[in-house]
Amino acid sequence: MAVQFVDRERETQELRELAGQPPALVVIRGRRRVGKSFLLRVALAGDRVISLQAEQQPRPLQLEAFARECSRLLPGAPPLVFRDWGEALEFVEQQARAGGPLTVILDEFQYLAASDPGLESTIQRFWDRWDAEGVPVLIVLCGSALSFMAGLLGGARPTYGRSVYRPLLLPLTYRDTAAFAPASSSPTELIERFAVLGGTPQYQRWAGARPLRDVIAKAILPSDAPLHSDPEHLIRAEEEIREPGPYFGALDAIASGYTTTSEIAGRLEIKQQLADKFLSRLEDLGYIARAEPLEPGRKGARRAYWEIKDPYFRFWFRYVFPNRSRLARGRISEVVREIRADLATFVGPVFEECCREWVARYSPLGESALEVGSWWSRKHDIEVDVVTLEKRGYGLLGSCKWWTRKVGENVVDQLYEAKAALGPKAAQAKLALFARGGFTDALRERAKREEVALIDVSDLFADRRSESTSNASRA
């Protein structure tokens, strides 16, 4: 598959503008595989770019690698040698003063800082001079150690207050990932593909533009497939995780339906305080999140539960992790059949997330929303899949059905019951139904009379500026 550059237009434009008007200091952070290095290669290219992809190795080897990159600026000259980062940045300054704007990229910066505790202060010292004297250097510090990189922006660090741009790169949305799928994919197939692979660009590239069944059977389940062990590799590679076992256990417990801290602690047979530590770390890394019912003032916090946030991690811990022994014996077709039989149940919650994303980002229904989420009662006997909060209360209540059959009037009745349960703050809320399989004629007629929005799965991929979403979906 040809290399694609999807989304990231805003980040690309910002980086190019800063490269054209240095000096500037940039801090970029994001999870592994999210496309940070690829963004930098596309946005910052040319002969006046020094880019170091750092590795976990001693400082002399890192300086040697940086010197090789710097030597490209002096073709035909003897190889450069730097004894420390002060000498290296002194060379950068000389080249920028003599030859014009220069970009320096230090990728996976946490490895460089770990091998030289004084590096941040050295960068601060040079940066302050470059900034004061207008030395045309754009220096980019990029890394996937989220806690460490976020710390660079904190008040106690030498780089505090000096970066002019500090993006956190997130996974792509369900609509952006459609660019990686086969061109003939239906909206239903696009949702299913996103439910399996999520928004991590590297996963989409590894999967390639092939049918989802082949993605699962050839790119995920075989033990030598590129996606087979990646969640395990990522967790083992994270900073501050010395023993990955409890983290795998916590993720496996959540995937198996143990969603409160006490339930997870019981499943792992550890104290709740220790479970809190593991869960907090996974949350910091973006692999899990606390789901809370959306209510004014966070009144529903006590009903919160843990969920695996990344779709591929959710898929992997549901279907790959518990079947590794069978997969190692080559019984791939059996697992594929089991996945296909269960896929609709697995995709349903992801469809709900896509509907919330659509309301939050792409639909007029969410234009006045301060927050978008979901809601459930204390006994879980009433649930609302899509909820928006506005200044005066609830603005929208929506129900999502990943059914192959058409949705009927009974679903609207359930929404009205939920509206009554939410009380006066939901009195003016609009109602919406989201469906994979369409709507019955009786429901369409009733939706016209009662101004209930009907959103088909294809509407989730329609142009945001099109009026078809608000008009054609109401019928």
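This is a predicted model: local features need pLDDT of at least 70, side-chain atom pairs count only at pLDDT 80 or more; totals for chains, interfaces and linings use all residues.
Helix 18, residues 332-361, lies across strand 8, strand 9, strand 10, strand 11 (430-435) and strand 12. Its direction runs at about 20° to strand 9. Helix 19, residues 409-422, also packs on the sheet, where it touches strand 8, strand 9, strand 10 and strand 11. The direction of helix 19 makes about 150° with that of strand 10.

In what order do its five strands lie? The order is 8-9-10-11-12; the sheet is open, and its pairing is mixed. At the edges are strand 8, residues 371-376, and strand 12, residues 453-456, each of which pairs on one side only. On average, neighbouring strands of this sheet are turned by 25° against each other, with direction ignored.

Within the sheet, I would draw your attention to one pair. Strand 9, residues 383-390, and strand 10, residues 393-401, run antiparallel and are joined by five bridges. Which residue of strand 10 is the bridge partner of V387? That partner is L397.

Which residues is T103 in contact with, once its neighbours within four places in sequence are left aside? They are A19, L44, R48, V49, I50 and L138.

Thank you for your attention.

Notes:
Residues are numbered from 1 along each chain as its sequence is written. Side-chain values use heavy atoms; hydrogens and water are left out. Two strands pair if DSSP finds at least two bridges between them. Helices (H or I, at least four residues) and strands (E, at least two) are DSSP runs, numbered from the N terminus. Axes are lines fitted to C-alpha atoms, for helices over the stretch in contact, and angles run from 0 to 180 degrees between N-to-C directions. Contact means heavy atoms within 4.5 Å.
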